[in-house]
Amino acid sequence: MATITDTMMESTPSAQTPAAAGKTVTKEDRGYLDTSNGAVADWAATEIRGDTDILASQASSRVPFGDWRDQFFQKGYYVVKGAIPRERADAYRQRMLDWFAKFDFGFDINDKSTWVQEHLPKMMKGESSSTIAPPMRSGHGKSEALTAPLLSEPGVIEPFAQLWNTDELLVSFDAPNITLPGRTDVDGAPWPHVDQSPTRKGLVCVQGIVNLSPAGPNDGGLQLFTGSSELFEQFFVEHPLQPKPEGAPGQVDWYGFTDADVKWFTDRGCERIKVEADPGDVIIWDSRTVHYSSQPASDVIRTIMYATYAPASLASPEDLALKAELFKRYEGSTHWPHCNIWGQGKAMRDGKICSGEREEPLERPVVTDTVLKLAGLKSY
């Protein structure tokens, strides 16, 4: 089986960078994630595509499915138990931690004095004890060798195929999250947000987490506000959109909430819950749900992979072209697999490209037929 560099799709049209492809740049972003692509797409300036009523029509239907989907549409989230056998989940977790230790910053998993930013790869604001690896190129990102088989796991794909009623899916070029407990060098305050643009209407995206470590009551994990997805549009009717603040993510499909905003939701009956899961489980949730990651109160290193799947038929030719270009550059994008394709560039450190950046992963991923289809480089 081939690797990415062995599989250059010469027939794939060359993709433009996000700015050249018509995504308006309004300001630089150096607060959320310091990368070489410092563009921020403002709400009014960004083309909204990829809308669909596939999920919304299911949500409004009163015909029960008789399976886990009934709970998903009722509560806005669901934990798919045992999507990956525990033994394989543990192996994926170990490989991810081994990969994390390969950065040449002095990190030692057995020496907690090295669990500080000086010895860690770049991380995202808001994931204070985490390292979320953004660009795929460099081991800062997605296309390390363990990721392709992980995202190709049948048990991970199946719930999304059920929801979308098709197995012809694309996957997001997302990232792992490794959260080190007990850190004191960073701010651990919650960062409540949604990963759907306020300008999109209805239930049009379902996100996922592939859980590789225990997520019990005291472990790090996903916190969400039940019922908040149903209030999504009402909130923005009562709170008209303002230009994105400095430090907001560059992508359009993201909105952060203040404490006062969160109170608006809780005053209307939304309850904050900690989603509990075991290694090998997949957590899926409505992208309109207000959520954030909580920091570990235990000694467990949170180890997960973000993964979202959506029908390939929803992607435009230009998004497929850009997706193909990012794939060949080992570069990450957003939580959205079929639109809002936004190259993240290279991680920066102290105003310069981080020394941990590489032009390709330490170990190239094996490119199977399934991987090519999920990445949008091969038609179903």
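Q: In this predicted model, is N165 buried or exposed?
A: Exposed means over 50% relative accessible area. N165 comes out at 71% relative accessibility, so N165 counts as exposed.

Q: Where does N165 lie, and what is the phi of N165 near?
A: N165 sits in the loop between helix 5 and strand 6. Most residues other than glycine have a negative phi. N165 isn't a glycine, yet its phi is positive, near 60 degrees.

Q: Which residue just after helix 8 takes a positive phi?
A: Helix 8 covers residues 317-328. Just past helix 8, a phi of about 55 degrees turns up, and the residue is Y330.

Q: How far does helix 8 reach from its first C-alpha to its last?
A: Helix 8 has twelve residues, and at 1.5 Å a residue you'd expect 16 Å. The model comes close to that, with a reach of 17 Å.

Q: Which residues have the most contacts inside the largest nonpolar core?
A: That core holds 45 residues. Among the elements giving two or more residues to the core are helix 5 (154-164), strand 9 (206-211) and strand 16 (309-311). Leaving out residues up to four places away in sequence, Y309 touches L151, V156, F160, W164 and V206, among others. The residues with the most contacts inside the core are V210 and Y309.

Q: How many residues does the second, separate core have?
A: Y255, W264, C270 and Y292 are among the members of this separate core. Its size is 16 residues.

Q: Which residue of strand 15 is the bridge partner of I178?
A: Strand 7 (residues 176-179) is covered on both faces, with P176 and I178 buried on one side and N177 and T179 buried on the other. Strand 7 runs antiparallel to strand 15 (residues 302-306), and four bridges join the two. Within that pairing, the partner of I178 is T303.

Q: With which side chain does the side chain of R302 make a polar contact?
A: R302 is in strand 15, and its relative accessible area is 3%, so R302 is buried. Its contacts beyond four places in sequence include N177, I178, T179 and S293. The polar contact spans 3.1 Å, and the partner is the side chain of S293.

Q: Why does G280 count as buried?
A: G280 lies in the loop between strand 12 (271-274) and strand 13 (282-286). Anything under 20% relative accessible area counts as buried. G280 is buried because its relative accessible area is 0%.

Q: What separates the C-alpha atoms of G280 and A83?
A: Setting aside neighbours within four places in sequence, G280 is in contact with G82, A83, I84, A89 and N211. A83 is 197 residues apart from G280 along the chain, but their C-alpha atoms are separated by 5.6 Å.

Terms used
Residues are numbered from 1 along each chain as its sequence is written. This is a predicted model: local features need pLDDT of at least 70, side-chain atom pairs count only at pLDDT 80 or more; totals for chains, interfaces and linings use all residues. Side-chain values use heavy atoms; hydrogens and water are left out. Buried means under 20% relative accessible area, exposed over 50%, partly exposed in between (1.4 Å probe, protein chains only). Contact means heavy atoms within 4.5 Å. Two strands pair if DSSP finds at least two bridges between them. A nonpolar core is a set of buried Ala, Val, Leu, Ile, Met, Phe, Trp, Tyr and Cys residues joined through side-chain atoms within 4.5 Å. A polar contact is a pair of N or O atoms within 3.5 Å; within protein, one must be able to donate a hydrogen and the other to accept it, and residues adjacent in sequence count only if both atoms are side-chain atoms. The expected span of a helix is 1.5 Å times one less than its number of residues.
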